[in-house]
Amino acid sequence: MNGTIAALGRMGMGRLAAAGLFFAMSVATITIGVTGAIFTDTESVSANTFTTGTLDIATTPTTAAITFSDMAPGDVVTSNLNISNDGSLELRYAMVSTTTEDVLAAALDLTIKVGVTTCTTAGFGTDGTIIYGPLDIGQVAGVNVIGDPAQGSQGGDRVLAGAADEDLCVQVSLPLATGNPSQGVTTTATFDFSAEQTANN
Ligand SMILES: [Ca+2]
């Protein structure tokens with residue numbers, strides 16, 4: 001008896017499963033039939049623009065910032081050298097001085113100041129802050145006069161905000177104690193300025 005009920009039950013379950021499968025297929029058919037009738041919408045986000053900044057160091061003057069012909073021990077010359085950040089990014093700069101020979105270059109004393117109100121030989125000592133010297137004007141091998149051109153922040157590196165500038169008051173003297181080895185000698189110094197971004201560096 002119990003076996004008969006169980007058999008009938010299995011038959012019932014089989015019919016129920018078949019009916020369920022037929023119903024699911026019917027729903028799928030109906031769903032496919034109404035796909036084109038739903039509401040939709042889209043939205044685009046435009047103007048995701050990126051621009052990079054610029055790094056541009058400039059000097060005024062661009063050549064012969066300080067010179068002296070027929071110099072004698074005891075002579076002094078003073079000139080202004082403007083350093084400007086013509087780019088949009090904040091920069092950090094360094095300056096290396098390379099000379100064409102070493103004897104007179106070692107005899108000549110270079111002093112650089114910032115914040116000098118009147119950049120003349122008479123006004124040089126009045127105010128401002130020394131950032132180099134008095135030391136050699138340079139060497140054939142090159143001398144780090146301001147900071148260090150190596151990447152990153154080193155002692156003496158100077159920072160200029162975008163579009164900012166600063167005046168370097170540059171003074172060169174030939175001390176009275178200079179001896180004959182420097183007589184009749186010419187040396188030419190080239191000041192190389194190197195700038196790098198300060199952002200992420
Ligand atoms: Ca540096």
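Two residues are in contact here if their C-beta atoms, placed from the backbone, lie within 7 Å. Keep in mind that this is a predicted model, where local features need pLDDT of at least 70, side-chain atom pairs count only at pLDDT 80 or more, and totals for chains, interfaces and linings use all residues. Numbering runs from 1 along each chain as its sequence is written.

Let's start with Q154, which sits in the loop between β6 and β7 (158-160). Setting aside neighbours within four places in sequence, Q154 is in contact with G147 and D148. Residues are called buried with 20 or more other C-beta atoms within 10 Å of their own, exposed with 12 or fewer, and partly exposed in between. Q154 counts as partly exposed because it has 13 C-beta neighbours inside 10 Å. R92 is 62 residues away from Q154 in sequence, with 9.8 Å between their C-alpha atoms.

Now for the overall layout. The chain has two helices and nine strands, taken as DSSP runs (H or I, at least four residues, for helices; E, at least two, for strands) numbered from the N terminus. Along the sequence they follow α-β-β-β-α-β-β-β-β-β-β. Of the contacts with a separation of 6 or more, 78% are between residues 24 or more positions apart.

Five of the strands make an open sheet in the order β1-β2-β8-β4-β5, with antiparallel pairing; strands pair if DSSP finds at least two bridges between them. β1 (57-60) and β5 are at the edges with a single partner strand each, so one side of each has no neighbour in the sheet. On average, neighbouring strands of this sheet are turned by 20° against each other, direction ignored; the axes are lines fitted to C-alpha atoms, and angles run from 0 to 180 degrees between N-to-C directions.

| Strand pair | Bridges | Sense |
|---|---|---|
| β1 and β2 (76-85) | four bridges | antiparallel |
| β4 and β5 (129-136) | five bridges | antiparallel |
| β4 and β8 | six bridges | antiparallel |

K113 stands opposite I130 in β5 and opposite C169 in β8. Over in β2, N82 is the residue opposite T60.

What about the inside? Buried residues make up 19% of the 201 in the chain. The largest nonpolar core has 25 residues, and M95, L108, I112 and I137 touch the most other members. Such a core is a set of buried Ala, Val, Leu, Ile, Met, Phe, Trp, Tyr and Cys residues joined through C-beta atoms within 7 Å. At least two of its residues come from each of β3 (91-99), α2 (103-107), β4 (109-114), β6 (143-146), β8 (165-173) and β9 (189-197). Not counting residues up to four places away in sequence, M95 touches V145, I146, F191, D192 and F193.
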